[in-house]
Amino acid sequence: MSTDTNLAPAMPSGEKPRLSIGERMSGLGGNARQYGIFAALIVIVLLFQVLTDGKLLLANNVAALFQQNAYVMILAIGMVMVIVAGHIDLSVGSVVAFIGGVVAVSMRDWGLPWLVAVLLGLAIGCVVGAWQGFWVAYVGIPAFIVTLAGMLVFRGLALVVVGETIAGLPSTFIKISKGSLPNFLGFANNMDVVTIAIGVLAVAAFVFSQLRARAQLRKHELHVESLGAFVAKIVGVALLVGILTVILSLSAGGTPIVLVIVGALVVAYSFLMGRTVFGRHIYAIGGNRLAAGLSGVNTKRVDFWIFVNMGLLAGAAAIVTTSRAGAAIAAAGQNYELDAIAACFIGGAAVTGGIGRVAGAIVGALIMGVLNMGLSIMSVDPSWQMAIKGLVLLLAVAFDLINKRRAGTS
Amino acid sequence: MSATTTPLLSMRGISKSFGAVEALVGVDLDVHAHEVVALVGDNGAGKSTLAKMVSGVLNPDAGLIEFDGEPTTIPTPAAAHALGVATVFQDLALCDNLDVTSNLFLGRELKRSGGYRDDERMEAMARKVLDDLNSRIPSARTPLSWLSAGQRQAVAIARTLIGEPRLVVLDEPTAALSVAQTAEVLMHIERLRELGLGVILISHNMTDVRAVSDRIVVLRHGRNNGVFDAASSSHEEVLAAITGAPTLRRPRLHALG
């Protein structure tokens, strides 16, 4: 989750006596906010673990947490890119319903194999994204308007496609959301060996990438973080991944397939945002669109592809949602856009654009998911659940803003 | 100055109209390597218009541009960049949310063979460019939002040094800066000259202009109104040329052609 940390300002220690305390504090800014939101997630998890008498972290509940919230995480990845570029996308919920409908129809009525239907869904997502991206980037209509229109258009199309609930989808397709990786390596002490192996591989890959990044910095004689902080970071991540792995390996199915999908997306998009030119240009456009344009960034093209990508991910979310429901319904995806947007802002994205991380958005989505699950286990009335989630969103952004003001960077 | 050598940039008879407004009429401008040429004039005299032609943002209606003695055109900012012209615009073209390195390389990021960014090489180069300018920015990883106005200007100037330019255009680099910050920026401009670049400095501030420039080109109502040697001309002479006030001596038109 932290492959995109290179935009984070690292302050070399003992190099600049001229900085005030305020500047020093804000020097931790990028990282501190990222760690802050992560710490908030852990606090919330522990809080509900206590409030639910330990039910929250039961193996099957943790697996369900990922299965229930996969759609938010997938959408939040695309949404954080849209928000960083200074746009918004209100249409993703409707797009999910529309694509979900087409995918279901293609399997049930046209008899397409599930894999072809999945690819079709992703392709339609790209087309929908290109449609909206065209209006935003090349015609210059604000994304708020374009996607508000899209919200109506695609909800309407979803109603056309899904006259009545389309059920009876292939079981392989339903496994995407409900299934787990096969336990072909057997069990050790009741723990699924496949899950353990994935956890070990993930930690190894993380350690390897961190060591490589450090070696690169060394090679160019650039500042690297102190060995203590470096080791602490690796041990911390390894510990958390380890705990998650052990819990999941004890669940009924082992590793949920959607978790693998989401994990792959998180790694890929963190890399895209953190290490590629395209990612850098998204941040630049969000920070100062005019300056980015003057510097030779093709702002229109970047805007366009951001929306194509959002469409693609909305397609992926549609597949996950339809597969989880086992059927397509016209009312699917209601409020999904708001869930994704909330996850981004809880995860530290700035309303004005230019700031936000994939990892942050994922943590934001998990915070919402844990709240949902914890409150449900405690049998809190759904109406109150909604009110509580609203307050959490408000407080998270307020906290962020106050912190920034105190650091004097806003 | 070095009127005998071929100028780096030579503009002859440049004219530009915006509708009925004649922004520039038959303007000449020469810039040599190792030379800071100040472009001065009152508001609306056409300084920025001329500078934008050098940086490819605007195109002249008429006139000739030579670079290294070769006739050329500068139709786009990309063409200017290809010629080795780098521009610092008045409204700083920087992104507050990005760090110093990212800003220096914005729009021309270095890539590794895999296609992704080579952040380490960019940071090392950023460090070197900042040192070349004698900049006091502590870390190339500092986000722009933490820098002072003067330090931002230093970043903007450092930006021009990426890609080994030959001519740097600075549009009002000291506007809205404190005295200390102005001094810092002027020092950076002198460094540009020491590095062998040609510099076009647009400024309202005559003190700054006289402090760093070698020649002062005065524009008035879109026309040339005198070229002065910065070392030997008096403040009053230049001021008179800018305002069009009657002067006792005619400005010495030299170093042209």
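Residues are numbered from 1 along each chain as its sequence is written, and chains are lettered from A in the order in which they are written. Because the model is predicted, local features need a pLDDT of at least 70 and side-chain atom pairs count only at pLDDT 80 or more, whereas totals for chains, interfaces and linings use all residues. The model scores ipTM 0.79 and pTM 0.83. In terms of pLDDT (the predictor's confidence in each residue, from 0 to 100), chain A averages 87, with 90% of the residues scoring at least 70. Over residues 1–30 of chain A, however, the pLDDT is below 50, although this stretch has 51 contacts in the model beyond near neighbours in sequence; two residues are in contact if their C-beta atoms, placed from the backbone, lie within 7 Å. Where pLDDT is low, the predicted coordinates should not be read in detail. Chain B averages a pLDDT of 85, and 93% of the residues score at least 70.

The secondary structure of chain A comes to 16 helices and two strands, where helices (H or I, at least four residues) and strands (E, at least two) are DSSP runs numbered from the N terminus. With a radius of gyration of 22 Å, close to the 22 Å that the globule rule gives for 410 residues, chain A is as compact as a globular protein of that length; the radius is taken over C-alpha atoms, and the rule is 2.2 Å times the number of residues to the power 0.38. The C-alpha trace of chain A spans about 70 × 60 × 45 Å along its principal axes. Of the 410 residues of chain A, 46% count as buried, a residue being buried if 20 or more other C-beta atoms lie within 10 Å of its own, exposed if 12 or fewer, and partly exposed in between, with C-beta atoms placed from the backbone. Among contacts in chain A between residues at least 6 apart in sequence, 80% join residues at least 24 apart.

Chain B has eight helices and ten strands. Its radius of gyration is 18 Å, close to the 18 Å that the globule rule gives for 257 residues, so chain B is as compact as a globular protein of that length. The C-alpha trace of chain B spans about 60 × 40 × 35 Å along its principal axes, and buried residues make up 53% of the 257 residues. For contacts in chain B between residues at least 6 apart in sequence, 66% join residues at least 24 apart.

At the interface, 30 residues of chain B are in contact with 32 residues of chain A. Helix 2 (77–83) and helix 4 (119–132) of chain B each supply at least two residues of the side that touches chain A, and helix 4 gives the most, with five residues. By class, this side of chain B has 13 nonpolar, six polar and eleven charged residues; Ala, Val, Leu, Ile, Met, Phe, Trp, Tyr, Cys and Pro count as nonpolar, Asp, Glu, Lys and Arg as charged, and the others, Gly among them, as polar.

Leaving aside neighbours within four places in sequence, the contacts of Leu201(B) include Val36(B), Leu170(B), Ile189(B) and Val209(B).

In helix 8 (residues 235–243) of chain B, Glu237(B), Val238(B), Ala241(B) and Ile242(B) are buried. These residues cover an arc of only 135 degrees around the axis, which puts them on the same side of helix 8, the arc being that of the directions from the helix axis to the C-beta atoms. The buried residues of helix 8 pack against strand 3 (35–40), helix 7 (206–212), strand 9 (215–220) and strand 10 (223–229) of chain B, whereas the face turned away from the buried side carries the exposed residues His235(B) and Glu236(B). Just after helix 8 of chain B, Gly244(B) takes a positive phi of about 80 degrees.

In chain A, Asn335(A) has a positive phi of about 70 degrees although it is not a glycine; Asn335(A) is found in the loop between helix 13 (299–325) and helix 14 (336–346).
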